[in-house]
Each structure stands twice: as C-alpha cells, then as structure tokens.
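Here is a walk through one protein model, to be read with the sequence and the structure side by side. The text goes from ring pairs to strands and then to pockets.

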Amino acid sequence: MTIYKAGSRPTQRANPEYFTGTVWMEPVIDAPGPARISAAKVMFEPGARTNWHTHPYGQTLQVLTGAGYVQVEGQDRLDILPGDTVWIPPHIKHWHGARADCVMVHLALQEKEGASAADWLEPVSDKDYAG
C-alpha cells in the first residue's frame, strides 16, 4: 500500500503541446502495473482547453468547481458544471475545458495502454471552442 500525503506531489503546468491556454495538473494516481488507472485533478484557467484527443479505454470526468465545456467530434458542445460526471467511451475524439469567463476544475480518470492514457491530436479551433 502507498499513501500519498496531501501536498507531497507538486502541481505542474500541463504540457502546452496538448492544451490551449494555461492548465495545471495535480497527480492523483498513476498506478503501477498490472493496474492501468491514471487520474489527475486538472485546473483550467478561463478559456483554457485540451486538444482534441482519444483514450484507449475511455475517460471519466468529474467536475469539481467552475464551469466548462465538453464536446465529442460531430456533436454539439455541452456545458458542464460542478457535480456533473461525464463518460467518454474508448477511441471517441473529444475535448474539454473551461468557459471563457470562468475557471474549471475536474478530476480526470482514464486507463493506460502501455505507458499512454491518451492519443493527443490537433488543437481545438476557436470556432469549435465558441460552439
């Protein structure tokens, strides 16, 4: 068993290759094999968002605070608020992020395939972000 004490792992800026705007990540778990779970608390500053991406085993988002959006390719952009839980099935192209006027924090849970939990794609256009 491992206990990660609160504050023992630093908050880090998310890789700007995969995000538009400023995004911060706090690790929750990156379990050693054979487990595949990976989870992080992700904080999006106003207007910040992920690139389009997919996950080999899907992704669950639990919105903790603020207000944001999520969109599956080919569908309408949807509002997400604290308490909302979003399930994105495996290999579905999507993005998520904060509204332009508000931060958004969510817990992101996904399973890894090998060393990777996501296949990162192109940035979300301003037109797609605006809905």
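**Rings, strands and pockets**

Tyr-69 and Tyr-129 are both buried in this model, which is predicted. Buried here means that under 20% of the relative accessible area is left. Phe-19 and Phe-44 are buried as well.

Tyr-69 and Tyr-129 pair edge-to-face, with 5.7 Å centre to centre and 80° between the planes. Tyr-69 belongs to strand β8 and Tyr-129 to helix α1 (residues 126-130), so that the pair links distant parts of the chain, 60 residues apart. How many aromatic pairs does a search of the whole structure find? The search finds five. One of them is formed by Phe-19 and Phe-44, and this pair is tilted, with 6.4 Å centre to centre and 55° between the planes. Here too distant parts of the chain are linked: Phe-19 sits in strand β2 (residues 19-20), Phe-44 in strand β4, and the two are 25 residues apart. Ring pairs also join Phe-19 and Phe-44 with Tyr-18 and Trp-120 into a cluster.

Why is β8 (residues 68-72) largely enclosed by the rest of the structure? Four of the five residues of β8 are buried, and therefore the strand is largely enclosed. Two strands pair with β8. Strand β9 (residues 78-80) runs antiparallel to β8 and is joined to it by three bridges. Within this pairing, Tyr-69 has Asp-79 of β9 as its bridge partner. β8 and β9 form a hairpin, and five residues lie between them. In the turn, Gly-74 has a positive phi of about 85°. The other pairing is with strand β11 (residues 94-98), also antiparallel, where five bridges join the strands. There, Gln-71 has Trp-95 of β11 as its bridge partner.

Past β11, the loop between β11 and β12 holds Cys-102. Which residues does Cys-102 touch, not counting residues up to four places away in sequence? Cys-102 touches Glu-45, Pro-46, Gly-66 and Ala-67. From Cys-102 to Thr-11 the distance is 20 Å, C-alpha to C-alpha, and the two are 91 residues apart in sequence.

The last topic is empty space. Rolling a probe the size of a water molecule over the atoms shows where such space is left. The largest pocket holds about 490 Å³ of space. Its lining consists of 26 residues, and those nearest the centre are Met-25, Ser-38, Gln-110, Ala-117 and Trp-120. Strands β3 (23-30), β4 (37-44) and β12 (104-111) are the elements that give two or more residues to this lining. Sorted by class, the lining of the largest pocket has 15 nonpolar, nine polar and two charged residues. Trp-120, then, is one of the residues nearest the centre of this pocket and also a member of the ring cluster.

The second largest pocket holds about 170 Å³. Among the residues that line it are Tyr-4, Lys-5, Arg-9, Thr-11, Glu-26 and Lys-41. Which element gives the most to the lining of the second largest pocket? Strand β3 does, with three residues. By class, this lining has four nonpolar, three polar and four charged residues.

Terms used:
Residues are numbered from 1 along each chain as its sequence is written. This is a predicted model: local features need pLDDT of at least 70, side-chain atom pairs count only at pLDDT 80 or more; totals for chains, interfaces and linings use all residues. Side-chain values use heavy atoms; hydrogens and water are left out. On a 1 Å grid over the protein atoms alone, a cavity is a set of points where a 1.4 Å probe fits but cannot get out, and a pocket is an open set with protein on both sides within 12 Å along at least five of seven lines; lining residues have an atom within 4 Å of a point. Grid points are joined across faces, edges and corners, and a volume is the space filled by probe spheres set on the points. Ala, Val, Leu, Ile, Met, Phe, Trp, Tyr, Cys and Pro count as nonpolar, Asp, Glu, Lys and Arg as charged, and the others, Gly among them, as polar. Buried means under 20% relative accessible area, exposed over 50%, partly exposed in between (1.4 Å probe, protein chains only). Two strands pair if DSSP finds at least two bridges between them. Contact means heavy atoms within 4.5 Å. Rings of Phe, Tyr and Trp (its six-membered ring) pair if their centres lie within 6.5 Å; planes under 30 degrees apart count as stacked, over 60 as edge-to-face and the rest as tilted.
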